[in-house]
Amino acid sequence: MIVEPQQARVVIPGTVRFLLLAFLAVVVSITSTATASEPNADSTLLETQQVEPVTSLVAQDFKYDNGERIELFWVPSVDDRLVDGLVTGYEVYRTVNEGDPQRLAILPPGANTFRDEAAEIDSVYSYYITTLAEETSAKSVATEPMTSEREWLNRDRGYLFLIAFVIAAAVIFFVETAKRGKKLFIRKIAGLEAIDDAVGRATEMGRPVLFVPGIHDMDDVQTLAALTILGRVSRTIADYDSKIFMPVSRSLVMTAARETIKSSYMAAGRPDAYNDDMVNYVTDEQFGYVASVDGLIVREKPATIFLLGAFFAESLILAETGNSVGAIQIAGTARPAQLPFFIAACDFTLIGEELFAASAYLSDEPKQLGSLKGQDVGKGIAMFFVIAGTVAATISYAWDIGPVNDVLDWLNQVFSSN
Amino acid sequence: MKRQIPLLITFFVGTLLIISVFVPPLGDLERDFTLFFDIIAVFAFFLGGGNLLRIHLMKLANRRKDWGFSAVTVSGFLFMLAIGLFKVGNPGGIAEAVDAEGSWFKVMFDNVINPLQSTMYSLLAFFVASASYRAFRAKNREATMLLIAAFIILLGRTPLGVMLTGWIPEWMSVAQIPNLAVWIMNSPNLAGQRAIMIGISLGVIATSLRLILGVERSYLGGDSD
């Protein structure tokens, strides 16, 4: 039963209301006395209690979308309480172009927002909420008819665009500068300097090289970074006539890795030495994959192990097993939580950005090294704003100076945009 | 040509997805492309499964070293594939979900795969112990600092830390081991992690740009066309 409170309310004078209430009390008293032997008499009265509707229902167009979203906000019913609450949920209704109401969703008690994600531009929408109780319900006032709008530019992301533009421009500028022949200084990265030696060691010992590209698929940039390094490593392996094993946990990574290694062997002039079985698929299951790779490490005893890509709980299991067979291990990931494990168990660790810099570093091509310089500009900007933010926050907290507070607010605004 | 087409696709898709971040009508593109990727990945699974079978069957056929492991792998793979595809023992028949209660697939998953995975995961405890032992040896100044920090955090997360320094008066509460542990985690540790995260973000931007602009081609096997 849907009650429409706005239509049902009638103004009753105080004296009449008092008389009505007194009459009701007498009737209730007589009824309860007469039915004293019936245990559910009181609860029957409670169940038929009316419930108050939600109030202040507002519908507004979602800012910066394709015109398909409308947001609703409301104040929950006064009967929506944790203790002795009557509300069992809310139903969201929508009318399109003054047609019949459609129920969009049923929400639990306590809900006070809803997002309609199926709106269309040029249609006129109106919404109302029905508050549900055990045996009754109450309909709210419907919102004013409205339309959703499409925005072509997300102005909230203006600062993000600016930051991205500056960093991208710096990267492109330094790539072009390097192309023109300007010598750029890049610091030594020990883990990458050791790659040739590590592959050489495997060759001398007559043992294979194991390359593990993490457990994520090709849609993870860490896996892409790992494959770009694989391109360089497999070229060295082809040159040294060493042997590589690469068990993978994703089929697409298998296909991409095969292409990468094959191209490296061809570039090294040794296509005959390439074999598809260098890369083999194991399983998508995290610990099934770990068991297989651990078994391979223990049986084959590789001289060199590369652990590069996206790693999770398996990072330490793999690295410790590699350590136990005396392999030289070069690891790298962009997951900060796994870095300590690699640092503890591996000989060289590429920390975060070094994983992404590796391919450019190993290539020694000026245009690739230029991109690393561009990255440094981004770091410089980050350092400047970290220091400025720290100083502003400290001064603001200690002395509450107006202009400094404004700077702090502005920094918050800039770096909280998404 | 073999390299030009992938480079062109990378440039087009990469640029489009960057633009979609700032242009709301293109906002769903990321979701759509992720969906495309998932569809391709599903078909690629046939390649993976086929490769797994081929390698292990060849190992079995040639009776190569450790062929016993291959026998277990192949039989496990085929058995799970069969009971999953034909929904063997599934109370609701072929129309029911593959992991319905009572189905062979569910029974195998709960009683074989799950315990095996837990076993592998539990090895981590022992590996943490052996790795910590090596990492915390006070060989130099940095390792000593690491050892002290680890010691404080270990004590701070146990009742012993409260017991040892609970007597320190309130005005010196920062010296209580649990508070020191919280400070180490929230200040130096968090600052270090954030610095790494900033570096990673910049690295991702630079790598993405190198891939989009075609500067980085090693994943295609190098520069030669």
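Predicted model: local features only at pLDDT ≥ 70, side-chain atom pairs only at ≥ 80, totals over all residues.
Good morning. The axes of helix H7 of chain A, residues 221-240, and of H7(B) come within 11 Å and cross at roughly 65°. The crossing of these two helices, H7(A) and H7(B), is left-handed.

By class, the contact of H7(A) with H7(B) contains five nonpolar residues, two polar residues and no charged ones.

Let me turn to the contact between the chains as a whole. Chain A contributes 69 residues to it, and chain B contributes 51 residues. On the side of chain B that touches chain A, four helices each supply at least two residues: H1 (4-22), H2 (29-61), H4 (104-135) and H7 (177-212). The largest share of that side comes from H7(B), with 16 residues. The side of chain B that touches chain A comprises 33 nonpolar, 14 polar and four charged residues.

Finally, I would draw attention to one residue of chain B, Lys106(B), which is found in helix H4 of that chain. Leaving aside residues up to four places away in sequence, Lys106(B) touches Asp99(B), Ala100(B) and Glu101(B). Phe79(B) stands 27 residues from Lys106(B) along the chain, and their C-alpha atoms are separated by 13 Å. Thank you.

Notes. Residues numbered from 1 in each chain as written. Chains lettered and ligands numbered in written order. Contact = placed C-beta atoms within 7 Å. Nonpolar A, V, L, I, M, F, W, Y, C, P; charged D, E, K, R; others polar. Axes fitted to C-alpha atoms, helices over the stretch in contact; angles between N-to-C directions. Left-handed = near helix turned anticlockwise from the far one by under 90°.
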